[in-house]
Amino acid sequence: MSQARTAGRTPGEGPLAGVRVVELAGIGPGPFAAMLLADLGADVVRVDRPGGPGLAIDPAHDVTNRNKRSVVVDLKAADGPARVLDLAERADVLIEGYRPGVAERLGVGPADCHARNPRLVYGRMTGWGQDGPLARRAGHDIGYIALTGALGMIGAPDAPPAAPANLLGDYAGGSLYLVVGILAALHHARATGTGQVVDAAIVDGTAHLTAMIHGMLSAGTWQDRRGANLLDGGCPFYGTYETGDGRYMAVGALEPRFYAEFMELLGIPEQAPARDDLTRWTELREAVTARFKSRTRDEWTAVFADSDACVAPVLTLREAPHHPHLAARSTFTEHGGITQPAPAPRFSATPTAVRTGPALPGTDTEAVARDWDAPRLSTPSRNPQ
């Protein structure tokens, strides 16, 4: 990267310092993927639309826009596409999360961008992917994970599948796979001078996350139904239990020596042999349930605090930052009055940080126009077509 591209940067801004990213504003997995790149030190410019995206929270509290800068461009204005293409020409990466064909109709699709910048990594974030019968359909996380079989694995066998917020589809199957694809394509572009399109579909990523389960299914060690397996709550020593105060403890005592310690500390060592007898698992679950009901969550937390029994309290979002281990590691941080997860993972030579709060729409237009040498950004827009 050139000296100009790194000018003004200070040590400690992350391993992607000097990488330029254009994010076409959307909701959900696209902004989160761009936040990950920004946390890693990339100069992410979010192109917000006039009026903002639907379902958006107050921009001042939208943590997924931290460490970014924002400009506002009306892509339906006569000169809107040209403003974005000016940025794409100077960027390493572009991220968009429109339905298939929309970016092309707006004049900022892969062909338009690669005509200006052949090295550009063009990241596309969708639920269904760029092709297939459902490609142009609307959707959300819960529908994407439903089709992959992942949602059907979650929850009690006698209740509807439990929705895991939008963590499994949008962020794990979507954002993380988009970022992996972008970094791989960026490596290729740096080596060859040729950019490419990264098609990150939430259905693809979520399906990929179930690889181990499919192996177990093939081997006959996983039943294709909820609450009947080692890792889905079917096992009495891997799951959650209500405590006497209506809170919960999580148990993951899978290995024999951890299980033995768990049963000892729980106070029912005589029930330990039931581990290896499936016909006694109902009896074992009832005994464990009764014991956890006998004390509060905090009392059980103290019992298991210094053990290898693999037991942990189930904390709320507000409680989690105060847990001693997470506090010691600074897993959460506070910036601008907002408690939020700190950037992850961690780097020994190029540490990351929350450098700036959420980018407010349009507040960085002049600075980006100057830093990216894109003067057209700061000139008045022509009337919409």
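Which residue of β2 is the bridge partner of Leu-24? I looked this up in the model, which is predicted, and found Val-47.

**β2 and its neighbours.** Strand β1 (residues 20-24) runs parallel to β2, with five bridges between them. Together with α2, these two strands form a right-handed β-α-β unit. Strand β3 (residues 68-72) is also parallel to β2 and is joined to it by five bridges. Here I noted Arg-69 of β3 opposite Val-45.

**Cover on β2.** I checked burial along residues 43-48 and found six of six buried. In a regular strand, side chains alternate between the two faces of the sheet.

**Nonpolar cores.** The largest core has 28 residues, and Val-21, Leu-37, Ile-95, Val-121 and Leu-178 touch the most other members. Elements giving two or more residues to this core include α2 (29-39), β5 (121-126) and α7 (167-192). The largest share, six residues, is from α7. For Val-121 I listed contacts beyond four places in sequence, among them Val-93, Ile-182, Leu-186 and Val-198. Another core, of 25 residues, lies apart and includes Leu-87, Tyr-98, Leu-120 and Val-368.

**Ala-359.** I located Ala-359 in the loop between β11 (338-341) and α14 (365-371). Ala-359 counts as buried because its relative accessibility is 7%, against a cut-off of under 20%. Beyond four places in sequence, Ala-359 touches Asn-65, Lys-68, Arg-69, Ser-70 and Asp-364.

Definitions and conventions
Residues are numbered from 1 along each chain as its sequence is written. This is a predicted model: local features need pLDDT of at least 70, side-chain atom pairs count only at pLDDT 80 or more; totals for chains, interfaces and linings use all residues. Side-chain values use heavy atoms; hydrogens and water are left out. A nonpolar core is a set of buried Ala, Val, Leu, Ile, Met, Phe, Trp, Tyr and Cys residues joined through side-chain atoms within 4.5 Å. Buried means under 20% relative accessible area, exposed over 50%, partly exposed in between (1.4 Å probe, protein chains only). Helices (H or I, at least four residues) and strands (E, at least two) are DSSP runs, numbered from the N terminus. Contact means heavy atoms within 4.5 Å. Two strands pair if DSSP finds at least two bridges between them. A crossover is right-handed if, with the strands pointing away from the viewer, the path from the first strand over the helix to the second runs clockwise.
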